[in-house]
Amino acid sequence: MNLTKRLLMSLALVLPVTTAAQSISQSQIEQFKSMPRAQQEALARQYGVDLDSIAGSASQHNQRPQNVNVVEPVDAISDEERERARQEQDNNEKQDRKNGGLKPYGYDLFVGSPTTFAPVTEIPIPNNYTLGPGDVLRVQLWGKENQQLELPVSRDGTISFPQSGPQTVAGLTFDQARQQIKKRVSEQYIGVQASVSLGELRSMQVFVLGEARNAGSYTVSSLSTITNALYVSGGIKRTGSLRKIQHKRDGNLVGELDLYDLLLAGDTSDDNRLQPGDVIFIPPVGDRVGIDGEVYRPALYELKSATNLQELVNLAGGLTPQAYPQLVRIERNNDDFLRIIAEANFTTPKGKQAKVKPGDRIEVASISDITGQYVEVKGAATRPGRYAWVPGMRVSSVIRSLDNDLLNEADKRYAAIVRTDPETDTVSVINLRLRQALDNPGGEKDILLQEKDQFLIFADEGKVSAKARDRNGMEQKEAQRGEMVAAEAEETDYSRFSREALFAPVLQRLKAQAKPGAPQQTIQVTGPVRYPGEYPLPASRQVADAIYVAGGLKDSASLYTAELARFGVDDEGTGKTRIQNLNLQAVMEGQASVTLKSRDRLLIKSIPEFARAKTIELNGEIRYPGQYTIRNGETLRDVIKRAGGLTDNAFPEGAVFTREKLRQLEAQRLREAEERLQGDLVGVQLEGDDFGGENAKRTQQVQDLLEEVQDSRPVGRMVINLASVVESDDYQPIRLQDGDTLTVPTIPQAVSVFGEVQFPTSHLHSEGLTVDDYLERSGGPTRQADEERVYVVKADGSVMLPEQSRWFGGRSQQLAPGDTIIVPIDVDRLNQLELWSNVSQIVYQIALGAAAVGNL
């Protein structure tokens, strides 16, 4: 204790004055540091000494080397490295596709980089562990003296033991060093015993070379093994071997690690512990063999030596219960470098001992591909797939409930059974009235099943379309309320279950197996049936059954007549078609029997004009306006009478009568005018600017006219004299068509002026005013106006030219209420005079028709 006080007093005197600690011996500092931490702090507080200063004055050769960070965090990876990893993944995927989807086995062990590499150190240290610089020995003294010592192994391989000098431990095993320290304590300290353990372990540098993902040198813990170093380097490339990883020391091969032993059996006996300077070399991958099919781990396996089929199956985890071991296909290259296929029987010793060669691809067949003890359900069933077949099985054995075993959208009236003849391998189709079969299990309709029968359950397209409409309606309502509509996770595609989709492979096979003496067993049903199309010929060959397969008749079907077209061959061997008319009602009621044959075409005719309601819409000053249904040949005058005639405020001279066909013609004229104007606009623009800027004006005028054409909407107005229609028997009757519209305005009081005037507007009609008077009230024509071609559109839609019409008597002619004066553009100074004049007239007439309808 006196020695400790003297040491602290000398430290207290020296440390504040000098920046170095040469006056304090290293043995004194080591003696102070060997004290328990609590005693050090107490003495330091008593004498005012800084413990960090004392610790910092220690000699460098007693400080253990600092560990370095071995692996960078994932978030520190550069973009270049990410791109390299992505390219490597793409290359791997391409290689997998080339190998038929098989991946090399074992490389997933290194998927994902660790954020840090910290091997477990809190484990019992083996007695043969070799000490080296950087290791720390913990010595616990008890008895006469109680101390806890931490003695780092310095770079010269020694530890500084208190009051006894240095002791060399580097190169010794942990057990040897422990025995020496115990012996030294027992000799130098009377009544003191020692317990020795390892504290912090040193780090060391090793090399990972060859086909490593990130080859180089790495600093790892002294307890690290080969697999630890492989993890540090990011794992092994697919081009590297997993079975011959070499462990080298000083240029000599120390051992070889087979990772398959670790992956398949958990054997780590060859996972040797590393020493400083060791090299882990990963050679290129050896020969590989692929195995697929009914094994637990289909993959590409690396061969270490000569391997037989039994050993390869063991590598792949063995056969599954669905495997058919009697058939193992082996695809390999022969001596001529051609791909050939061989077979092996895995149930025999010879088959198990069959040698596999590099590049082979082995496939173990499945029982379901070989045997036929099943029936299969396809289509709109809740549990489609294969079911075990036993003799005596019927339809009701597979489909027990229409509600539980079929989808809600399924057609529960009809199903089809596709049967394969085991002797001829030809298929036939049996039509099944599904509901009747389940209503009477074991009855005549509950058909006995055979091996490999296929049930085809079809979707009812009426239910599917109704469900789609309901869903769309709900989505629209939700959207109107501003709520988010969650989309269904997986929308069922019911088109896969349609008659057309499910029958397609069956029809293809029926056509393929047709031959002389066994014609193609297909027919076609067209017309107003629920599902028109091509179908297998019913086994009964009856027309009623064919219609039942097509979903039945629609209500628009005519029961009076149907047509059967039959293909045949005449006596001269020439093909011809015969037409046979059928009384469909008698056929459906069983009063007439018609037998169908190969390739027959059955046409169901529709009732003429069935449920085709033709309407006309009456608007405006009609006593009972509304939408009226019209009969064939009915005239406009007849419908007006049915509607109660015109009101007292009606203005028949301004009536607007529109027709859908005329609207379509106007739309076509507008499209043609737009196309021609676009061509003219391009031509004017290509001429460029002239000195006076006239081309720019012309371009703007054509562009304005083009915009008017694009903004115009066709009306389809037809000019009629409604007063004569209603009152005169001599006026040509107007036969109505579906979609006609009649709009009768009230008596107007205005005259409108449109076109190239200063203020286009409408004026109150005044007796005695002429065209020129109304033009003057609108500010007169503009500079672009063509005053010589001013025309008037009468209220009924007819056009009159004031300068040329004798009826008008010149522009001094007085106007009637509802008339419209049009002042067109002066196009004389522009090219394409006729085109632009006609286009202007079309646009104005359409605008007037739309305005007349919109103002009502």
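Select Val-753 and look across to β35: Ile-821 stands opposite. You are in a predicted model, so read what follows as a tour of that model.

Strand β31 covers residues 750–755 and strand β35 covers residues 820–823. The two run parallel, and four bridges join them.

**The whole chain**

Zoom out. The chain has 856 residues, and 40% of them are buried. Cartoon view shows 23 helices and 35 strands. Take the contacts between residues at least 6 apart in sequence: 64% of these join residues at least 24 apart.

**The β1–β2 hairpin**

Go to β1 and β2. A hairpin of three residues connects them. The strands run antiparallel, with six bridges between them. Pick Leu-141 and find its bridge partner in β2, Gln-147.

**Helix α6**

Select residues 174–188, which form helix α6. Check its length with the distance tool. The 15 residues should span 21 Å at 1.5 Å a residue, and the end C-alpha atoms are 21 Å apart, so the two values agree.

Now colour the buried residues of α6: Phe-174, Ala-177, Arg-178, Ile-181, Arg-184 and Val-185. Look down the helix axis. These buried residues line one face of α6, because they fall within an arc of 130 degrees. Two arginines, Arg-178 and Arg-184, are among them.

What do the buried residues of α6 pack against? Show β1 (136–143), β3 (158–161), β4 (165–168) and β5 (192–198): these are the partners.

**Aromatic pairs**

Next, turn on the rings. A search of the whole structure gives eight aromatic pairs. Start with Tyr-260 and Tyr-301. Their ring centres are 6.4 Å apart and their planes stand at 90 degrees, so this pair is edge-to-face. The pair links distant parts of the chain, 41 residues apart. Tyr-260 belongs to helix α8 (residues 259–265), and Tyr-301 to strand β12 (residues 299–302). Tyr-260 and Tyr-301 are both buried.

Move to Tyr-494 and Phe-497. Their ring centres are 6.4 Å apart with planes at 75 degrees, so this pair too is edge-to-face. Tyr-494 and Phe-497 are buried.

**The aromatic cluster**

For the last stop, select Tyr-414, Phe-458, Phe-503, Tyr-535 and Tyr-548. They form one aromatic cluster. Which ring does the charged end of Arg-433 sit over? It is the ring of Tyr-548, with the charged end 3.8 Å from the ring centre. Then find Arg-499. Its charged end sits over the ring of Phe-458, 5.2 Å from the centre.

Note on methods:
Residues are numbered from 1 along each chain as its sequence is written. This is a predicted model: local features need pLDDT of at least 70, side-chain atom pairs count only at pLDDT 80 or more; totals for chains, interfaces and linings use all residues. Side-chain values use heavy atoms; hydrogens and water are left out. The expected span of a helix is 1.5 Å times one less than its number of residues. Buried means under 20% relative accessible area, exposed over 50%, partly exposed in between (1.4 Å probe, protein chains only). The arc is that of the directions from the helix axis to the C-beta atoms. Contact means heavy atoms within 4.5 Å. Two strands pair if DSSP finds at least two bridges between them. Rings of Phe, Tyr and Trp (its six-membered ring) pair if their centres lie within 6.5 Å; planes under 30 degrees apart count as stacked, over 60 as edge-to-face and the rest as tilted. A charge sits over a ring if NZ of Lys or CZ of Arg is within 6 Å of the ring centre and within 35 degrees of the ring normal.
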